[in-house]
Amino acid sequence: MYRAFRILWLLLLLTPARFAQAQDEQAPAPAPAPTPVPAPTPVPDTLEQKSTITGAEMLDQGREYRREMGAIAIQIQVQADQAKAEKDVIRLNCLLDKLTQVRVNSNIMDQAVQALQDDVSRNDESGELHEYTRITIINQKAQVLRTEADACVGAETTYVGRTKLVVESPAGLDATVDQPAPAAPPITIIDRPLVASPFQ
């Protein structure tokens with residue numbers, strides 16, 4: 001019994017080694033190493049971003065945006081004064097928050113317009129484009145703040161004018177003659193089924 005156990009144990013030890021050796025003999029030869037692909041040569045960064053408007057036009061547009069921000073601040077201030085007179089604390093807090101944000105963005109706009117003016121005087125095109133981009137982003141924030149301030153008040157900001165109703169009739173149908181109403185569908189009366197159980 002002991003001898004049979006030893007033989008079985010030796011078989012279990014040697015079988016994985018023999019199996020691995022057989023797999024190594026059947027393994028295909030390794031593929032040849034791939035030829036190295038040359039790295040792409042970097043393209044020199046000679047292309048600069050060009051603006052479509054001149055520095056003076058950027059400066060004029062920046063000053064116009066600054067005037068619009070001043071008008072937005074005045075509009076929100078008037079709305080806040082009305083909310084204060086009506087003692088509407090919730091609306092007043094909302095408007096004062098928007099007014100504070102507009103004033104902060106106005107200060108940033110002043111700095112950006114001044115930096116743009118310096119870049120225009122130095123004829124620095126990349127600096128002009130950078131400052132003009134900042135000014136445009138600040139203007140967009142101010143427009144969003146105006147919309148949010150109108151929402152604080154509950155004003156409708158999507159009103160574009162009086163509504164006009166246009167009715168179109170299908171081809172071949174005289175729109176001036178009243179058409180008869182369609183016939184009502186027939187009413188089907190359904191009988192109630194009989195009680196199947198003697199117990200109620």
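Buried denotes a relative accessible area under 20%, exposed over 50%, and partly exposed the range in between (1.4 Å probe, protein chains only). The model shown is predicted: local features need pLDDT of at least 70 and side-chain atom pairs count only at pLDDT 80 or more, whereas totals for chains, interfaces and linings use all residues. Residues are numbered from 1 along each chain as its sequence is written, and side-chain values use heavy atoms, with hydrogens and water left out.

**Overview. The chain contains four helices and zero strands.**
Helices (H or I, at least four residues) and strands (E, at least two) are DSSP runs numbered from the N terminus. Along the sequence, the elements follow the pattern α-α-α-α. Of the 200 residues in the chain, 19% are buried. The chain exposes about 16,900 Å², of which carbon and sulfur atoms supply 60%; accessible areas come from the Shrake-Rupley method with a 1.4 Å probe, and for residues only the protein chains shown count as cover. Among contacts (heavy atoms within 4.5 Å) with a separation of 6 or more, 69% are made by residues 24 or more positions apart.

**Close-up A. The loop between α3 and α4 holds Asp124.**
Asp124 is partly exposed, with a relative accessibility of 28%. Its side chain makes a polar contact with the side chain of Ser126, at 3.1 Å. A polar contact is a pair of N or O atoms within 3.5 Å; within protein, one must be able to donate a hydrogen and the other to accept it, and residues adjacent in sequence count only if both atoms are side-chain atoms. The C-alpha atom of Asp124 lies 8.9 Å from that of Gly55, although the two residues are 69 residues apart along the chain.

**Close-up B. A disulfide joins Cys94 to Cys152.**
One disulfide is found in a search of the whole structure, the criterion being a pair of cysteine sulfur atoms within 2.5 Å. The S to S distance between Cys94 and Cys152 is 1.7 Å. The torsion about the S-S bond of this pair is about -45 degrees, so the disulfide is left-handed. Distant parts of the chain are linked here, with Cys94 in helix α3 and Cys152 in helix α4, 58 residues apart. Cys94 is partly exposed, at 27% relative accessible area, while Cys152 is buried, at 17%.

**Close-up C. The largest nonpolar core comprises 25 residues.**
A nonpolar core is a set of buried Ala, Val, Leu, Ile, Met, Phe, Trp, Tyr and Cys residues joined through side-chain atoms within 4.5 Å. Ile76, Leu95, Val102, Met109 and Ile135 touch the most other members of the largest core. Two or more residues of this core come from each of α2 (55–85), α3 and α4. The most are given by α2, which contributes nine residues. Beyond its neighbours within four places in sequence, Val102 is in contact with Met69, Ile72, Ala73, Ile76 and Leu145.

**Close-up D. Ser106 is a buried residue of helix α3.**
The relative accessibility of Ser106 is 6%. With neighbours within four places in sequence set aside, Ser106 is in contact with Arg66 and Met69.

**Close-up E. Glu131 and Arg134 are paired in a salt bridge within helix α4.**
A salt bridge places a side-chain nitrogen of Lys or Arg within 4 Å of a carboxyl oxygen of Asp or Glu, and eight are found in a search of the whole structure. The closest N and O atoms of Arg134 and Glu131 are 3.0 Å apart. Both residues lie in helix α4 (residues 125–153), at a spacing of three residues, about one turn of the helix. Arg134 is partly exposed at 29% relative accessibility, whereas Glu131 is buried at 9%. Elsewhere, salt bridges that share partners join Glu86, Asp88 and Arg91 into one network.

**Close-up F. Arg91 and Asp88 meet through their side chains in a salt bridge.**
The N to O distance of this pair is 3.4 Å. Arg91 is buried, with a relative accessible area of 12%, and Asp88 is partly exposed, with 30%.

**Close-up G. Asp119 forms a salt bridge with Arg122.**
The closest N and O atoms of Asp119 and Arg122 are 2.4 Å apart. The two residues are three residues apart in helix α3 (residues 89–122) and are therefore separated by about one helical turn. Asp119 is buried at 6% relative accessible area, while Arg122 is exposed at 54%.
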